[in-house]
Amino acid sequence: LLGLSYVGQASAQSAKVEVKADDVAAEAEHRAWLQAGVFGGLFFPSKQLSVYRKAQEPFESPATELGARLAFLPSRYLGLEAEALAGGTRTKTTDKAAGLWAARGHVLLQLPLGSFTPFVLGGAGALGAGSRPTGSDVDPAVHLGVGAKLAFDDFVGARLDVRDVITAKYSADDSDNVHNPEVLLGLTFNLDFYTP
């Protein structure tokens, strides 16, 4: 009987440990993440990009970009992210300095695999451009992309994005679109906080 009692107590303690471990795991699932980032990249504007006010003129490709982002990830698999960026290039025909900028947001779906996290994203925002020959203008833009994050530790990691930025086409038909490839490489910084 004493032996059975001892076994019963050990089983109960083991069950308590398992329950406690489950509680810790459940608590971890409630942990939300804020993720900040900085990045640089290359934007390949279409020759028929319709971001102009005075006159349409192609931009040299690629344009260089610098930007920052902030993401809220309520789970390990889903996030909402906002970005702002600015870049520079030149007009193709008149060889004048030109600027590009964008503000956008998207939904991020990711699959954590240890330190490696592939993802897909999709969203929308505004793409602007300006130069003396073209004037300044802002158009709506939709973007889709794939990429991956590589964590160096719990706080810092690298990130690569490859995207298609879809904007209006310079044509008589405003419903036409053009595709503008984009490649971004940057660093991510994790900030966690507990949400009860």
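Trainee: How many cavities of 30 Å³ or more does a search of the whole structure find?
Mentor: This is a predicted model, in which local features need pLDDT of at least 70, side-chain atom pairs count only at pLDDT 80 or more, and totals for chains, interfaces and linings use all residues. Residues are numbered from 1 along each chain as its sequence is written, and side-chain values use heavy atoms, with hydrogens and water left out. A cavity is a set of points on a 1 Å grid over the protein atoms alone where a 1.4 Å probe fits but cannot get out. By that criterion, the number of cavities of 30 Å³ or more in the whole structure is one.

Trainee: How much space lies in the largest cavity?
Mentor: Grid points are joined across faces, edges and corners, and the volume is the space filled by probe spheres set on the points. For the largest cavity this comes to about 60 Å³.

Trainee: Which elements give two or more residues to the lining of the largest cavity?
Mentor: Lining residues have an atom within 4 Å of a point; among them are Phe43, Arg104, Leu127, His143 and Glu182. Strands are DSSP runs of E, at least two residues long, and helices are runs of H or I of at least four, numbered from the N terminus. The elements with two or more lining residues are strand S4 (97-110), strand S5 (116-131) and strand S6 (135-151).

Trainee: With which side chain does the side chain of His143 make a polar contact?
Mentor: A polar contact is a pair of N or O atoms within 3.5 Å; within protein, one must be able to donate a hydrogen and the other to accept it, and residues adjacent in sequence count only if both atoms are side-chain atoms. Contact in general means heavy atoms within 4.5 Å, and His143 touches Arg104, Leu121, Gly123 and Val165, among others. At 2.9 Å, the polar partner is the side chain of His106.

Trainee: Which peptide bond is cis, with omega near 5°?
Mentor: Its proline, Pro62, has its place in the loop between S1 and strand S2 (63-73). The cis bond runs from Ser61 to Pro62.

Trainee: What is the phi of Asp95?
Mentor: Asp95 lies in the loop between strand S3 (78-90) and S4. Asp95 counts as partly exposed because its relative accessibility is 45%. Its phi is positive in a residue other than glycine, with a value near 55°.

Trainee: What pattern does the protein chain follow along the sequence?
Mentor: The secondary structure comes to one helix and eight strands. Read along the sequence, the pattern is α-β-β-β-β-β-β-β-β.

Notes:
1 Å grid on protein atoms, 1.4 Å probe; cavity = no way out; pocket = protein on both sides within 12 Å on 5 of 7 lines; lining within 4 Å. Buried < 20%, exposed > 50% of the residue type's maximum accessible area, 1.4 Å probe, protein only. Lists of a residue's contacts leave out its neighbours within four places in sequence.
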